[in-house]
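I wanted an overview of this protein before turning to a single position in it. My entries follow in the order in which I looked things up.

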Amino acid sequence: SGAVTITVSGSFSWTSTHRLTLHAYYNVSLRAPIVVAGRGALTITTNDGGSGGDLIFSDGGKIDFWDLGSSLVINGNSYTLASDIATLAGDIAANPSGFYALAKDYDATPDGTFASAPIAAFAGTFEGLGNAISNLTVAEVKGHDAKNAGLFATTSGTIRDIGVLNANITVGGKHDNYAGALAAQNTGTILHAFATGTLDYTKYGQHVALGGLVAVNKGTILLSHSDSTVRLGGGLVGENYGLISQCYSSGTVNGDPNFATFGGGLAGTNGVGATITLSHSNATVSGGFSAGGLLAFNNGIVTLSFAEGHVSGSGETGGLIGGVSEYSGGSVSNVYSTATVTGIHHATVGGLIGGTGENTIVSLDYATGALSSERGDSFGGVIGWDY
């Protein structure tokens, strides 16, 4: 009683059936593992009287349960524990709107290759407890198209505090193909998530969106990051139509400069009304149609963000943003780039933005990266071509 915040800075465990309660006015922060080694119980309460507090995992902090019959209560909600993908998928299929938690780290290697996302649709709350699922593989199997590929196919709920590591996700259908290590499509909230792995496609079909964490975001992604290799799309998100805030990406985005592909260090495209803020990327990016250190193509709002690394492309190529729709406009403010930018063939090269639209607002921005081009038709320290 009376704790303002609680920080766990040293690891501990217990084997009895007793319940530990961590009860705080604001935050409960874990910087070391807690292990419920017997059939004990754990209750965590944040924001009891305060606001803006949360359950935070950092510096190796996590919670492990050895017995799935243990009780976990977070902010008044009882969570069902699962220790593997099959159990989690089965529980969610029976009740897509429930509360679930990953009991411990899980290696998916014995599961082999999933022909589609193992969890089809999710509308509840999933708490990873700082744990990670590693070696998830989703790809076309015996002619079955993996169209919505990732751990989750679609999610409209809340997914948080989870890692998907060394994922290998491949799509290859005739129509729309979406692949993200955590989720193919998100309309809910993703918080404190991270991913590494490889995202690829075998057939372009009518449409392809690949993202290191999420393929298509129409919801909110906060405080998340990715260090993945993505063939086309974005290092964190393939297409953003929602909000991305306080996120970052590294790794590689490998769009083909000889093909009409696009690549963005953080996101591939940012749609009308969408926002990217307080985020950055130091990924290595290449693309054909459009390539940018943070974002390939922008129609929305980009603010308080920056890009490092290296960008190369044969179309609109910029240190921060590749291109902006000629008609939809968009806004770019309080951003900068230190990325080096290389134009291939007749690329339009800009230190900050490759090409802007006639309704684009660009303000309070700067770029410092070195620029080069083979035969650049347009070449500018800040903007390559301004409509």
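This is a predicted model: local features need pLDDT of at least 70, side-chain atom pairs count only at pLDDT 80 or more; totals for chains, interfaces and linings use all residues.

Residues are numbered from 1 along each chain as its sequence is written, and side-chain values use heavy atoms, with hydrogens and water left out.

I then looked up the secondary structure, taken as DSSP runs (helices H or I of at least four residues, strands E of at least two, numbered from the N terminus), and found one helix and 53 strands. The radius of gyration, over C-alpha atoms, is 22 Å, close to the 21 Å of the globule rule for 387 residues, so the protein is as compact as a globular protein of that length; the rule is 2.2 Å times the number of residues to the power 0.38.

For contacts (heavy atoms within 4.5 Å), I noted that residues 24 or more positions apart account for 71% of those with a separation of 6 or more.

Last, I turned to Thr261, which lies in the loop between strand S31 (248-254) and strand S32 (262-264). Thr261 is buried, at 2% relative accessible area, and, leaving aside residues up to four places away in sequence, its contacts include Tyr201, Leu232, Asp256 and Phe289.

Notes. Buried means under 20% relative accessible area, exposed over 50%, partly exposed in between (1.4 Å probe, protein chains only).
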